[in-house]
Amino acid sequence: MTLTLALDIGGTKIAAGLVDAEGRLVHRAQLPTPDGDAETVWAVVEKLLGETMQTADGAATGVGVASAGPIDLPNGTVSPINIAEWQHFPIVDRVTDTTRLPVRLGGDGLCMALGEQWCGAGRGAQFLLGMVVSTGVGGGLVLDGAPYDGRTGNAGHVGHVVVAPDGGDPCACGGHGCVETVASGPSMVRWARTQGWAGTDAKVLGEAAAQGDGLAIKAFHRGARAVAAMIASVGAVCDLDLVVIGGGVAKSGALLFDPLRAALADYAGLEFLRGLRVVAAELGGDAGLVGAAALARG
């Protein structure tokens, strides 16, 4: 059996897996992303690689790496915002040296989109945006059936599409009014608290909205409308046929998707946008590994 080794590197956890030719994840291991310097973080990646290579027993033919960004595809380096110790970290060279296998790097949003296109909610879609709405808002593009990296590997960072151009809230990216400042879980909580809501986090906000709390529902509607505006803009630019949304906020189901679809109907005035579908992701936390494998397989 031919296998592809996959890595998914994020600020909270690092996962490794083996994916077969049908997109099935036949092995998975995960460790928390440690605090410490760059080599401390790398030591966790190296441990997972070693254990996974041993499990593969010579059957792995390549490695796909999904990483939080920004990434630098031409140079094979990553500088994840949520792993401050990794600045221009040479992940491709390090993984190549460890595994002696060909390595393909992609952003975590792109790999999520590829995973869903291969084996999830986006099966067969040719023009797809994959999104994660969670502590941040990320994304990746599949255009004409192929992953779209862009010039540096960072295409698809839809969380930084501006939806509030007239002095919106400041964003971690250095800009203002990005959709992430409205629709991420922490952003929705911040807004609700300015309106008098007394809860603590996005999970509690979702529970409150499900129980009919008016402010919590307004926070979800506000976030959903921002996401809809962004989808309409990206859909118009890329002529999309499908948007797949995953992540913690998306797990709220109808609380997000019902107002999002209603708002998208308002924004998507062009005839070619009216058939654009928005669906929930299916692969959950495995999408990045499956997509990284798809990337490596070409």
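## K13 and its partner

K13 is partly exposed in this predicted model, with 23% relative accessibility. That value lies in the band between the buried limit, under 20%, and the exposed limit, over 50%. K13 makes a salt bridge with D8. Their closest N and O atoms are 3.2 Å apart. D8 itself is buried, at a relative accessible area of 9%.

Side chains of opposite charge can pair when their charged atoms come close. Across the whole structure, a search finds nine salt bridges. The K13 pair is one of them.

## Two further salt bridges

R24 pairs with D20. Here the closest N and O atoms are 2.9 Å apart. D20 is buried, with a relative accessible area of 4%.

D266 forms a salt bridge with R225, and the closest N and O atoms are 3.6 Å apart. D266 sits in helix α8, while R225 belongs to helix α7 (residues 214-238). The pair therefore ties together parts that are 41 residues apart in sequence. D266 is exposed, at 55% relative accessible area. R225 is partly exposed, at 37%.

## Strand β11: burial

Which residues of β11 lie on each side of the strand? L242, V244 and G246 are on one side. V243 and I245 are on the other. Both faces are covered, and these residues are all buried.

In a regular strand the side chains alternate between the two faces of the sheet. Strand β11 spans residues 242-246, and five of its five residues are buried. The strand is therefore largely enclosed by the rest of the structure.

## Strand β11: neighbours

β11 pairs with strand β8 (residues 127-133). The two run parallel and are joined by five bridges. Within this pairing, M131 has I245 of β11 as its bridge partner. I245 is also among the buried residues of β11.

β11 also pairs with strand β12 (residues 277-280). This pairing is parallel too, over four bridges. L242 has its bridge partner in β12, namely R277. L242 is buried as well.

## The β-α-β unit

What do β11, helix α8 and β12 make? They form a right-handed β-α-β unit. Helix α8 covers residues 254-267.

D266 lies in α8, and its salt-bridge partner is R225. The unit thus includes a buried strand, β11, and a helix that carries the exposed residue D266.

Definitions and conventions: Residues are numbered from 1 along each chain as its sequence is written. This is a predicted model: local features need pLDDT of at least 70, side-chain atom pairs count only at pLDDT 80 or more; totals for chains, interfaces and linings use all residues. Side-chain values use heavy atoms; hydrogens and water are left out. Buried means under 20% relative accessible area, exposed over 50%, partly exposed in between (1.4 Å probe, protein chains only). Two strands pair if DSSP finds at least two bridges between them. A crossover is right-handed if, with the strands pointing away from the viewer, the path from the first strand over the helix to the second runs clockwise. A salt bridge is a side-chain nitrogen of Lys or Arg within 4 Å of a carboxyl oxygen of Asp or Glu.
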